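Dear colleague,

I am handing over the structure we spoke about, and it is placed directly below. My notes on what was found in it follow after that.

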Amino acid sequence: MIDSELSNAKKLLWLVCHTKPRCEKKFSALMKAERFEHYLPLMESVRKYAKQTKKFTKPLFPGYVFACVPAEQKARIYQMDLLARSITVTDVAGFLRQIEDVKAIVASGFELSLMPLLAKGRRVKVSGGPLHGLEGYVDNPHDPRGVIISVDVLRQGLLVHVPLENLTVLP
């Protein structure tokens with residue numbers, strides 16, 4: 001690589017762009033118009049209504065678009081007020097490897113769904129159903145539907161099987 005090419009390559013930033021709600025496709029269009037390299041992984045979704053079925057694409061990672069921009073032009077990604085924030089990727093090689101994996105999975109056509117990474121002891125909150133609002137801990141990350149709701153005064157816990165879609169990971 002020539003020195004000038006190397007210095008240009010060092011000025012590119014890979015960013016994880018956190019968009020405002022439901023703005024991923026608009027932000028992707030902005031990146032395309034600016035000719036910035038970007039990736040918005042999409043998956044096909046099917047919704048059944050009373051008498052019809054609709055197919056549409058939706059973001060695989062709701063609220064996120066991956067973009068590569070020149071450092072001196074980073075301010076341009078905020079021009080249309082579509083972003084909440086951007087996070088600079090520090091391990092670019094690892095990030096690009098994972099993005100290639102995501103591209104291969106999306107291109108495979110296999111059915112997929114987003115799963116939070118859950119570890120034993122991770123705090124979660126029930127976000128739907130009859131237990132809405134309860135907080136507990138993940139019992140077994142291999143079966144993350146099991147959540148322990150603690151009763152501290154008795155030093156006991158209740159293991160409850162909660163559907164994964166009703167769990168929100170707490171910080």
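The accessible surface of the chain comes to about 12100 Å², and carbon and sulfur atoms account for 55% of that area. Please keep in mind that this is a predicted model, and that every value here was computed from it. Of the 171 residues in the chain, 29% are buried.

As for the fold, the secondary structure consists of three helices and eleven strands, which, when read along the sequence, are arranged in the pattern α-β-α-β-β-β-β-β-α-β-β-β-β-β.

I looked in more detail at helix 2, which spans residues 24–33 and in which Glu24, Phe27, Ser28, Leu30 and Met31 are buried. Viewed down the axis of helix 2, these buried residues fall within an arc of 155°, and therefore they line one face of the helix. The partners against which the buried residues of helix 2 pack are strand 1 (12–19), strand 2 (37–39), strand 4 (53–59), strand 5 (64–70) and strand 6 (83–88). On the face of helix 2 that is turned away from its buried side, one finds the exposed residues Lys26, Lys32 and Ala33. Helix 2 is followed by Arg35, which has a positive phi, near 60°.

Terms used: Residues are numbered from 1 along each chain as its sequence is written. This is a predicted model: local features need pLDDT of at least 70, side-chain atom pairs count only at pLDDT 80 or more; totals for chains, interfaces and linings use all residues. Side-chain values use heavy atoms; hydrogens and water are left out. Buried means under 20% relative accessible area, exposed over 50%, partly exposed in between (1.4 Å probe, protein chains only). Helices (H or I, at least four residues) and strands (E, at least two) are DSSP runs, numbered from the N terminus. The arc is that of the directions from the helix axis to the C-beta atoms. Contact means heavy atoms within 4.5 Å. Accessible areas come from the Shrake-Rupley method with a 1.4 Å probe; for residues, only the protein chains shown count as cover.
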